[in-house]
Amino acid sequence: MSNKARKKAHRESPEGLLKFKLDMCSKHGKFEEALCLYDEGRTKGVSLNLHHYNVLLYLCAREASGDGGEVNELKELGLKRGFEIFEKMVGDKVSPNETTFTSMARLAVAREDPDMAFELVKQMKSLGIPPKLRSYGPALFGFCEKGNAEKGYEVDAHMADSGVMPEEPELSALLKVSVDTKKVDKVYEMLQRLRATVRQVSESTLQIIENWFKSEDAAKVGAESWDVKKIKEAVVGRGGGWHGQGWLGNGRWRVVRTKMTKNGVCRSCGEKLVCIDIDPKETENFASKLTELACNKEVKADFIRFQEWLQQHGPFDAVVDGANVGLIKADTFNFYQLNNVVNQLQQMSLSKRSPLVILHRSRVTGGPARNPNNKNWLESWKMVGALYATPPGSNDDWYWLYAAVSCKCLLVTNDEMRDHLFQLLGTSFFPRWKEKHQVRLFMTRNGLMLHMPPPYSIVIQESESGSWHVPTITDDDLLNQRQWLCASRSSRKTS
């Protein structure tokens, strides 16, 4: 029998047909229909595998958690049948995987049993199944919602031991339970962890932070005097923007939602935010990772040729994502506006050197590139070694990003760099690098204007005087100023 025939036979078998129907139920949220299919399959002696069970458990957990609607009878049914189906799975000696355990953890929390959810994660680890962030969610959120801070911290420690990094929802839950249970040192720790990993917070997290600073507990905690030199050394040693030495100051906090001036001065307390350093070693490591990924995704010889060209013609003060700039508010590629941006950057440059323009080869040889004016601009950039045409079949994103990182210079693009390619680069260093190096563009009556990177870091900042500034997440609207939470109070220092 051929492979094609085998696949067709499998699809048309009772097991294959059940899989297809359950997948459709999962896709359209048809919980009760899935249960009927399961019961019918068992009656007919259909052999259920891991996939069948996982789809059923997912639907049961979804219903029991209330994600499928507000019908209480269905929630109860989801709970009851979920545990029954899991028992059958164990009886059938079908080995569970991470998806199974995560669905069961959700069912456990729906039954208000976060302890069971946590035990399931521990069991996963003992079976050699690496837990994911979603595996820990039910137990962590379950304990935090019950106000059981100590168990929440225990889950958090288990996550760290498994190499699983919490994100904003998890840290926000730990922050809230710390505030609610008056664990002031843990509140401080969670704020520092939000600063390090999340940087800017959502409105729901900001509300928790705001409520904390307005509370009586926040007013009671803090050093009345401290060693200024020690605090300054801690700030410098950490690259700026935080000291990590605990709460400073005493009395009630002045808590205001405010905005920053373009130079990073708080409009509420008058304190100037700092630009936090990036370790040069981190930049080097990032450039190496970028090279490795690009060589895997692109034709390796093409990318190495570009690196050699860049070494010969660089460094540059700025790199321009030519395709992005030439297509802003344009139906066809606009060389005129690209040239205007190049001229603006050249005028700003201390060396008066032209920025590097990166364009796909098709943009350099075909279409509007044949126009005499456009041809002259392309030729002038080429003459001064400031134009690189990426080869056919390549993704020019790798080229302009690598050039900007390796030259430690500005990158001019409105590309938000959020797609799969950029997600490969991780979430720690890349957002910090982007904030300091990306120049965006906005359209005015006089054409495209440059929006330079801010001279301060858009991240939670803790000052030497003990005040805090917390930025919110905003939409990508250059004209709409970001909102910050400013929390400050009187302080007494000792030298």
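## Strand 3 from both faces

Which way do Leu356, Ile358 and His360 point from strand 3, which way do Val357 and Leu359 point, and are they buried or exposed? Leu356, Ile358 and His360 go one way, Val357 and Leu359 go the other way, and all are buried. Here buried means under 20% relative accessible area, with exposed over 50% and partly exposed in between, using a 1.4 Å probe and protein chains only. In other words, strand 3 (residues 356-360) is mostly covered, with 5 of its 5 residues buried.

A quick word on the source: this is a predicted model, where local features need pLDDT of at least 70, side-chain atom pairs count only at pLDDT 80 or more, and totals for chains, interfaces and linings use all residues. Residues are numbered from 1 along each chain as its sequence is written, and side-chain values use heavy atoms, leaving out hydrogens and water.

## The sheet around it

Strands (E, at least two residues) and helices (H or I, at least four) are DSSP runs numbered from the N terminus, and two strands pair if DSSP finds at least two bridges between them.

Now for the pairings. Strand 2 (residues 318-321) runs parallel to strand 3, joined by 3 bridges, and Val319 has Leu356 as its bridge partner in strand 3.

## Helix 7 against helix 9

Elsewhere, helix 7 (residues 114-126) packs with helix 9 (residues 149-161) at about 15°, their axes 12 Å apart. Axes are lines fitted to C-alpha atoms, for helices over the stretch in contact, and angles run from 0 to 180 degrees between N-to-C directions. That angle makes helix 7 roughly parallel to helix 9 (under 35 degrees; over 145 is roughly antiparallel, 65 to 115 roughly perpendicular, the rest oblique).

Contact here means heavy atoms within 4.5 Å. Helix 7 brings Asp115, Phe118, Lys122 and Lys125, while helix 9 brings Lys151, Glu154, Val155, His158 and Asp161.
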